[in-house]
Amino acid sequence: YKCMPSFDVVSRLDHQEIDNAIGNATREITTRYDFKGSDTTIEKKENSVVVITDDEMKAGQVNDMLVTHFVRRKVDPLCLKKKELEKAGGNKIRQSYDLIEGIEQSLCKKITADIKSSKLKVQVKINGNELRVDGKKKDDLQNVMQLIEESNIGIPVQFINFRD
């Protein structure tokens, strides 16, 4: 029995880099003139990021800073899923984001269906919130990677455990 070439499709976050990006954005806020006197905070909880600031305009600016600092730290900003703006105590507003990690079932099924309809000679297995792709030919596997990258699924994915 020879092991077929395979790889895993995952969506994993580098929490250390996310912390670094948030730290950098927080430092930027303290140095920016337009945030002088503003009590703006960015806090990372388990799988979310919460921004508390004065108004919608500042929330938008913090959003841009987060995206910029995520990109600089090589974290795909697609992992930040923006939620509704809410009122917070004392005339403040709260902007929360979910940190997306793992590929949800509906998306696993969509990716699997896309690969099947591409007629590439590979097998796809759903493994929790990750996918395993096996094929006899390395070229087919590379084509699958390209297919997934081009299908704009809306979350960042990584290809790992590539085996020949």
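A crossing of two helices is called left-handed if the near helix is turned anticlockwise from the far one by less than a right angle, and right-handed if it is turned clockwise. This is a predicted model, in which local features need pLDDT of at least 70 and side-chain atom pairs count only at pLDDT 80 or more, while totals for chains, interfaces and linings use all residues. Residues are numbered from 1 along each chain as its sequence is written, and side-chain values use heavy atoms, with hydrogens and water left out.

**View 1. The crossing of α1 and α2.** α1 passes α2 in a right-handed crossing, where helices are DSSP runs of H or I with at least four residues, strands are runs of E with at least two, and both are numbered from the N terminus. On the α1 side the contact (heavy atoms within 4.5 Å) is made by I18, A21, I22, N24, A25, E28 and I29, and on the α2 side by V62, M65, L66, H69 and F70.

**View 2. The largest nonpolar core.** Such a core is a set of buried Ala, Val, Leu, Ile, Met, Phe, Trp, Tyr and Cys residues joined through side-chain atoms within 4.5 Å, buried meaning under 20% relative accessible area with a 1.4 Å probe and protein chains only. Of its 19 residues, I42, V49, V62, L66, F70 and L99 touch the most other members. At least two residues each come from α1 (15–31), β3 (48–53), α2 (56–72) and β5 (92–99), and α1 gives the largest share, five residues.

**View 3. The surroundings of V49.** Leaving aside residues up to four places away in sequence, V49 touches I22, I42, E43, K44, L66, L80, Q95, S96, Y97 and L99.

Methods:
Buried means under 20% relative accessible area, exposed over 50%, partly exposed in between (1.4 Å probe, protein chains only).
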